[in-house]
Amino acid sequence: GWDKVREQRFRRQIELGIVPAETPLSPRNSEIDHDVRPWDELTADERRLFARYMEVYAGMVDSIDQSLGRLRSELERLGEWDNTLVMFTSDNGGSREGEEIGTSSYFRTLSYNMPDAVEEDLARIDLVGGPQSLAHYPRGWAMTSNTPYRLYKINTHAGGHSVPFVVSWPAAIPAELRGGLRTQYQHITDVFPTVLDLVGAEAPTHRRGRPTFEVQGSSLTSTIGDASAPSTHREQHYEMWGHRGFYRDGWEAVTCHQDATAFSDDRWELYDLVNDMTETVDLAASQPDKLAELIEAWERGARDNQVLPLDERTGLKFIQRPPWVDEMAEPVTLGPAAPQLERFRSLQLIDSRSFRVIIELTQPPGGAGTLVAHGDQGGGYGLYVIDGALHFIHNGYGVMTEVDGGPIDVGDHSVVLAVDAPGDGVWNAALEIDGLLRAEAGGLRMLNAMAPFQGIDVGIDRRSPVSWSLYERHGTFPFSGSVHAVRYEPGERAPDAGARWLDLLREMGSRYE
């Protein structure tokens, strides 16, 4: 369980010297909407499912490790390893995006109508880790992954941005320095100037006749060679989803912002990271001048780095798109040889709205295959012909629905998939052939957020399939007849679609500026 593993990792970090012996382990994350239940309080089913998620994550990490090992072996065989610079790091702290219970279908967690799906995921437990799942562990494992720090990816506390960084270059790093530990504060923006410094290159000042932006960060070469060298990165500005933070010379001021609350209500915390790397002693009350200095520096950094206005998490900034997005929701007709339509544009045709898909086709004797497919194993839908019958499939974040539309005769036909979005995260689908209703399917999960993650295919289902069972039997299943055209006609948005509530969201958002 995550409590036990976290304690074991912390002891191991102290044994290895990564964490000073006197360092306290940060307490269990208990902030509102960030809290983690004790492992022993979970049900037996939850423990079995959540353990599976971490097993898959561990397998992924092991796979990365072995892949890097294979790369190293080949470079050694070529005699190039010693002169190869390797920098290995992570983009952020452990991800909390599986939230409290994790998921076997990640895009489901991004949907605004996300269900409590432990039973659903438990029924799919044997698929977790394979191509039919898109798993993400619960945030309890993210807390473990961030040992000994607090909170997670997205937060501006140390658990959000303190990550491993390993540098190897046998030809340039003396043997006595290899395996050494460095504790200086550095930032990801230091990587580029470090590489330039190590190879003796300079950053370009122009590209194609236009001036480039000033290089951020500074070379950390001096810290590689000397464990006692001062940090070359004295201060850093942080912001993510309203969480704010500012680091300067060993001090950090941070907030943990609650969605849709006034930013003036945020409580700033202050930590001396030199003596308190796990952020367990808040000095905001005892060091008001230092706190005020860092808050002022954050405000200045927010202006200089175009951070304002802040995201108050009402959804306003996500939904209020630039004007060009509306053009991507215009009706579109795809020909028989069309490549896969780019996924973002494909999504605009169906996102939180009703829509119609009109397919003009010629059915030959014994014709079979995919007519149209949109999405993948994470979520999608499609139409295909098999055994002389038309079928509609819907992958609702791993929950499969298949509807038999009945026989389709040899000859030319017009097939229509009409999808209605009545609200509450639901789609109702109707299937027609030559104007006659053939089948209906109600109460389907509406796909939104980043699903479908793949674009629209005509006459084939490329890459990750919408239906795994169909893929196992027929592969990409190209249609053996002729699809002359597929036309998408976006309709009205669902009554509760975010774009219909922009005025309300603007009013809400303005309260928190």
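Modeller: A salt bridge is counted here where a side-chain nitrogen of Lys or Arg lies within 4 Å of a carboxyl oxygen of Asp or Glu. This is a predicted model, in which local features need pLDDT of at least 70 and side-chain atom pairs count only at pLDDT 80 or more, while totals for chains, interfaces and linings use all residues. Residues are numbered from 1 along each chain as its sequence is written, and side-chain values use heavy atoms, with hydrogens and water left out.

Biologist: How many salt bridges does a search of the whole structure find?

Modeller: The search covers the whole structure. Its count of salt bridges is 26.

Biologist: What separates Arg 12 and Glu 15 in helix 1?

Modeller: Their side chains meet in a salt bridge at 3.6 Å, N to O. Helices (H or I, at least four residues) and strands (E, at least two) are DSSP runs numbered from the N terminus. Because Arg 12 and Glu 15 are three residues apart in helix 1 (residues 2–16), what separates them is about one helical turn.

Biologist: Is Arg 139 buried or exposed?

Modeller: Arg 139 forms a salt bridge with Glu 99, with 2.7 Å between the closest N and O atoms. Glu 99 sits in the loop between strand 1 (86–89) and helix 3 (106–109) and Arg 139 in helix 5 (residues 139–145), so the pair ties together parts 40 residues apart in sequence. Buried means under 20% relative accessible area, exposed over 50%, and partly exposed in between (1.4 Å probe, protein chains only). At a relative accessible area of 7%, Arg 139 is buried.

Biologist: Which residues do salt bridges that share partners join into one network?

Modeller: Arg 267 forms a salt bridge with Asp 282, the closest N and O atoms being 2.8 Å apart. Arg 267 is in the loop between strand 7 (251–254) and strand 8 (269–272), and Asp 282 in the loop between strand 8 and helix 9 (288–304), 15 residues apart. Through shared partners, the network joins Glu 31, Arg 150, Arg 267, Glu 269 and Asp 282.

Biologist: Which residues gather in a patch of negative charge on the surface?

Modeller: Patches are made of residues with over 30% relative accessible area and no salt bridge, with like charges joined within 9 Å and nonpolar side chains (Val, Leu, Ile, Met, Phe, Trp, Tyr) within 5 Å. Areas come from the Shrake-Rupley method with a 1.4 Å probe, only the protein chains shown counting as cover for residues. Lys and Arg count as positive and Asp and Glu as negative, without His and the chain ends, and a charge is placed at NZ of Lys, CZ of Arg, CG of Asp or CD of Glu. The negative patch holds Glu 360, Asp 409, Asp 412 and Asp 434.

Biologist: What is the relative accessible area of Asp 434?

Modeller: Asp 434 lies in the loop between strand 16 (426–433) and strand 17 (436–445). It is partly exposed, with a relative accessible area of 42%.
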